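Reader: I have some questions about how the terms are being used here. Could you show me the chain?

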Amino acid sequence: METRMSSVELLLDEGAEAQVRAEWTALADAGLSSLARHDAASNRPHVTLLARVGLPALPLEQVELPVPLVPVPLVLGPPMLLGSGDRRVLARAVLPSPALLALQATIREAAGPADDEHFLPGRWLPHVTLARRLRLVDIPTALALLGEPIDASAVAIRYWDPATATLTTLASS
């Protein structure tokens with residue numbers, strides 16, 4: 001039984017990606033948990049629109065769209081902590097604009113019904129991950145390393161299949 005989650009993700013414009021990578025590097029340079037330590041090709045700053053076990057690559061060219069999928073303006077806002085226990089995920093909240101919410105709803109509808117509540121309206125928390133498994137004691141140091149909110153644009157949508165380690169561009173501007 002397959003348990004790895006495939007995902008549909010928004011990729012950031014070059015400038016915003018560089019700013020997020022700079023925050024990853026600042027965390028790593030301070031000896032903290034950081035996504036900078038992961039060198040896989042799939043490791044890029046992104047916003048996950050949908051993730052499911054067995055999610056197929058969506059044929060977006062066949063989806064009737066009210067507007068172009070990308071670009072979508074984004075604001076990578078304040079830091080947020082996800083999870084529980086003695087380690088957390090550190091992320092930047094992505095402010096949920098009407099355009100972003102409409103895009104996520106389009107992707108969710110194109111994928112068909114599922115029982116994962118994390119991506120339903122009112123439950124989805126758009127974010128860009130900065131670190132995983134950050135120790136609680138390190139949170140004040142990590143927060144001090146982060147800059148101001150980042151104005152960004154989502155310029156591409158990709159599909160990630162961890163079972164085959166395949167990245168597929170679904171749309172780009």
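Author: What follows is a short exchange on terms and values. This is a predicted model, where local features need pLDDT of at least 70, side-chain atom pairs count only at pLDDT 80 or more, and totals for chains, interfaces and linings use all residues. Residues are numbered from 1 along each chain as its sequence is written, and side-chain values use heavy atoms, with hydrogens and water left out.

Reader: What makes up the order of elements in the protein chain?

Author: From the N terminus it goes β-α-β-β-β-α-β-α-β-β. That gives three helices and seven strands, where helices (H or I, at least four residues) and strands (E, at least two) are DSSP runs, numbered from the N terminus.

Reader: Why is the protein chain called as compact as a globular protein of that length?

Author: The globule rule is 2.2 Å times the number of residues to the power 0.38, and the radius of gyration is taken over C-alpha atoms. For 173 residues the rule gives 16 Å and the radius of gyration of the protein chain is 16 Å, so the chain is as compact as a globular protein of that length.

Reader: What makes strand E2 mostly covered?

Author: Buried means under 20% relative accessible area (1.4 Å probe, protein chains only). Six of the eight residues in E2 (residues 46–53) are buried. For the protein chain, 44% of the 173 residues count as buried.

Reader: How do you know that E1 and E2 pair?

Author: Two strands pair if DSSP finds at least two bridges between them. Strand E1 (residues 5–12) and E2 run antiparallel, joined by seven bridges, so they pair by that definition. As for partners, leucine 10 is bridged to valine 47 in E2.

Definitions and conventions. Buried < 20%, exposed > 50% of the residue type's maximum accessible area, 1.4 Å probe, protein only.
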